[in-house]
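Dear colleague,

Please find below the structure I am handing over to you. My findings follow it.

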Amino acid sequence: MSDADQLLAGRGVVVSGGSRGIGRAVAELLCSLGAGVVVNGRDAGAVAETVATLSAAGGRATGVTGAADDEHIAQLLVDTCRNTFGSLDVLINCAGIAEPAGSSILDIAPAEFDRLIGAHVGTVFHTCRVAAPVMVAQGHGAIVNTSSVAFLGDYGGTGYPAGKGAVNGLTMAIAAELKTRGVRANVVCPGARTRLSTGADYEKHIDDLHRRGLLDDVTRQASLDSAPPTFVAPLYAYLASDLSREVTGQILVAAGGFVGRFDQPTPSLLGYRDHHGAQPWSLQELHTMIRPAN
């Protein structure tokens, strides 16, 4: 095996949501690149099976069962990685849950919304809260969090897009704060065929969004014919490696053969007046500036 094949040799990595779907594909690739991986998931059987498969293939892996949005599980993930592999070099958050079928702001229960927020931004908060001080103390580290293009709202829902939008904002804040401390933080918005993006309910949801004009024909087809998770795993591995040492504060997209980046949002000028010598804008003036062009 060449040095390039061992790009992550000696690194300790935590992968929340690493027992299934995208997280599992990421864990498999990281192990093949020489990393020691802590596989985390809510299902003990899935965690054990993934660890066994990685180990049988010659990888270094151990498992921690539990929800990573629990502060005690988050701490256990970090401690297990350091105790088992000697360091915590990379934190990758792939854990997440799907929006309930047919979920809408018109009918979602508060408890369902809270659960979605916790599973997404709660996981990122708790794991980063315990991982960041360790990385800062050692002078290096990489954090890769998982969002979704659903944060734009085009796929409907409530807690899922809200949680993913919060993941973006929190990750950008972490990247800005820790940039001078040797710690990088980036976001991946993946598109892949997993248990969350298959099945009759999912297909019905996509077709309904298309019917309502929220998804165009190309996006509908891409949503129904996603590539397997192995197509998005390399972007996570890249962001975990030293190849990306200058990359931080990025929101990237990987879906099949497509790789993209969301540019940093910046406001476009609609109007300006010096408040020292002018009155506030009138409602009619605001309407003239803001209304959609014909």
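In this predicted model, strand S1 (residues 12-16) and strand S4 (residues 90-93) run parallel and are joined by 4 bridges. Within this pairing, Val13 has Val90 of S4 as its bridge partner.

Both strands belong to an open sheet of 8 strands with mixed pairing, ordered S3-S2-S1-S4-S5-S6-S7-S8. Because S3 and strand S8 (258-262) are at the edges and have a single partner strand each, one side of each lacks a neighbour in the sheet. On average, and ignoring direction, neighbouring strands are turned by 20° against each other.

Helix H5 (residues 159-178) lies across strand S5 (141-146), strand S6 (183-191) and strand S7 (251-255), at about 155° to S6. Helix H2 lies across S2 and S3, and runs at about 175° to S3.

The buried residues of H2 are Ala46, Val47, Thr50, Val51 and Leu54. Viewed down the axis of H2, these buried residues fall within an arc of 130°, so they line one face of the helix. They pack against helix H1 (21-32), strand S2 (36-41) and strand S3 (60-65).

Regarding the ends of H2, a side-chain oxygen of Asp43 comes to within 2.8 Å of the backbone nitrogen of Gly45 at the start. Just after the helix, Gly58 adopts a positive phi of about 95°.

Yours sincerely

Conventions. Residues are numbered from 1 along each chain as its sequence is written. This is a predicted model: local features need pLDDT of at least 70, side-chain atom pairs count only at pLDDT 80 or more; totals for chains, interfaces and linings use all residues. Side-chain values use heavy atoms; hydrogens and water are left out. Buried means under 20% relative accessible area, exposed over 50%, partly exposed in between (1.4 Å probe, protein chains only). Helices (H or I, at least four residues) and strands (E, at least two) are DSSP runs, numbered from the N terminus. The arc is that of the directions from the helix axis to the C-beta atoms. Contact means heavy atoms within 4.5 Å. A polar contact is a pair of N or O atoms within 3.5 Å; within protein, one must be able to donate a hydrogen and the other to accept it, and residues adjacent in sequence count only if both atoms are side-chain atoms. Two strands pair if DSSP finds at least two bridges between them. Axes are lines fitted to C-alpha atoms, for helices over the stretch in contact, and angles run from 0 to 180 degrees between N-to-C directions.
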